[in-house]
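Please walk me through this protein chain.

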Amino acid sequence: LMSCRVLESCIGCDMCVLECPNDAITEKDGVYTINEDLCTECVGFYKSPQCMRVCAVKAIARNPERPETHDELLEKARRIHSVLQK
Ligand code: SF4
């Protein structure tokens, strides 16, 4: 498991921004970026990364440079959403 990142093939459809439970995806001048400190691979909310699921051109991939365990991602989700229970 690891956080996700947006690839060059992104067409800027904006779908992923709406899906992210952590508001981890932002757009500036047409370039979409995933904040790795906010991306939990949707752990805590969904079984799989929703941005990858909704991307029509498969422009989002897991970032091999940011490996994280399930527990680390869940802990990150709890930090972001204090309402998530232990
Ligand atoms: Fe957001 Fe989930 Fe995509 Fe991470 S995998 S950027 S948490 S939608």
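Glu41 counts as buried because its relative accessibility is 4%. Buried means under 20% relative accessible area, exposed means over 50%, and partly exposed is in between, with a 1.4 Å probe and protein chains only. Glu41 sits in the loop between strand S3 (31-34) and helix H2 (50-54). Helices (H or I, at least four residues) and strands (E, at least two) are DSSP runs, numbered from the N terminus.

This is a predicted model: local features need pLDDT of at least 70, side-chain atom pairs count only at pLDDT 80 or more, and totals for chains, interfaces and linings use all residues. Residues are numbered from 1 along each chain as its sequence is written, and side-chain values use heavy atoms, leaving out hydrogens and water.

Now look at the partners of Glu41. Its side chain makes a polar contact with the side chain of Arg62, at 3.1 Å. A polar contact is a pair of N or O atoms within 3.5 Å; within protein, one must be able to donate a hydrogen and the other to accept it, and residues adjacent in sequence count only if both atoms are side-chain atoms. Not counting residues up to four places away in sequence, Glu41 touches Leu1, Met2, Ser3, Cys4, Ser48, Pro49, Arg62 and Leu73. Contact here means heavy atoms within 4.5 Å.

Cys39 counts as buried because its relative accessibility is 8%. Cys42 is buried too, with a relative accessible area of 7%. The backbone of Cys42 has a positive phi of about 70 degrees, although Cys42 is not a glycine.

What does Cys39 touch, not counting residues up to four places away in sequence? The list is Ser3, Cys4, Asn22, Ala24, Ile34, Leu73 and Lys76. Cys39 and Arg5 are 34 residues apart in sequence, yet 9.1 Å apart in space, C-alpha to C-alpha.

Next, follow one of the partners of Glu41 to Met2. Met2 is found in strand S1. At 19% relative accessibility, Met2 counts as buried. Leaving out residues up to four places away in sequence, Met2 touches Glu41, Arg62, Asn63, Pro64, Arg66, Pro67, Glu68 and Leu73. Met2 and Glu72 are 70 residues apart along the chain, and their C-alpha atoms are separated by 9.5 Å.

The buried residues of H3 are Leu73, Leu74, Lys76, Ala77 and Arg78. What covers them includes strand S1 (2-6) and strand S4 (60-67).

His81 is in the segment after helix H3 (70-80). Is His81 buried or exposed? It counts as buried, because its relative accessibility is 18%. The side chain of His81 makes a polar contact with the side chain of Asn22, at 2.7 Å. The His81 side chain also reaches the backbone oxygen of Pro21, at 3.4 Å. Leaving aside neighbours within four places in sequence, His81 is in contact with Pro21, Asn22 and Phe45.

For a contrast, turn to Lys58. Lys58 lies in the loop between H2 and S4. At 67% relative accessibility, Lys58 counts as exposed. Lys58 has a positive phi of about 50 degrees, and it is not a glycine.

Now step back to the whole chain. It has three helices and four strands. Read along the sequence, they follow the pattern β-α-β-β-α-β-α. Of the 86 residues, 36% count as buried. Take the contacts between residues at least 6 apart in sequence: 69% of them join residues at least 24 apart.

How does the overall size look? The C-alpha atoms fill a box of roughly 40 × 25 × 20 Å, taken along the principal axes. With 86 residues, a compact globule would have a radius of gyration near 12 Å, and the chain agrees, with 12 Å. That radius is taken over C-alpha atoms, and the globule rule is 2.2 Å times the number of residues to the power 0.38.

The chain has 11 positive and 14 negative side chains, and the centres of the two sets lie 6 Å apart. Lys and Arg count as positive and Asp and Glu as negative, while His and the chain ends are not counted. The place of a charge is taken as NZ of Lys, CZ of Arg, CG of Asp or CD of Glu.
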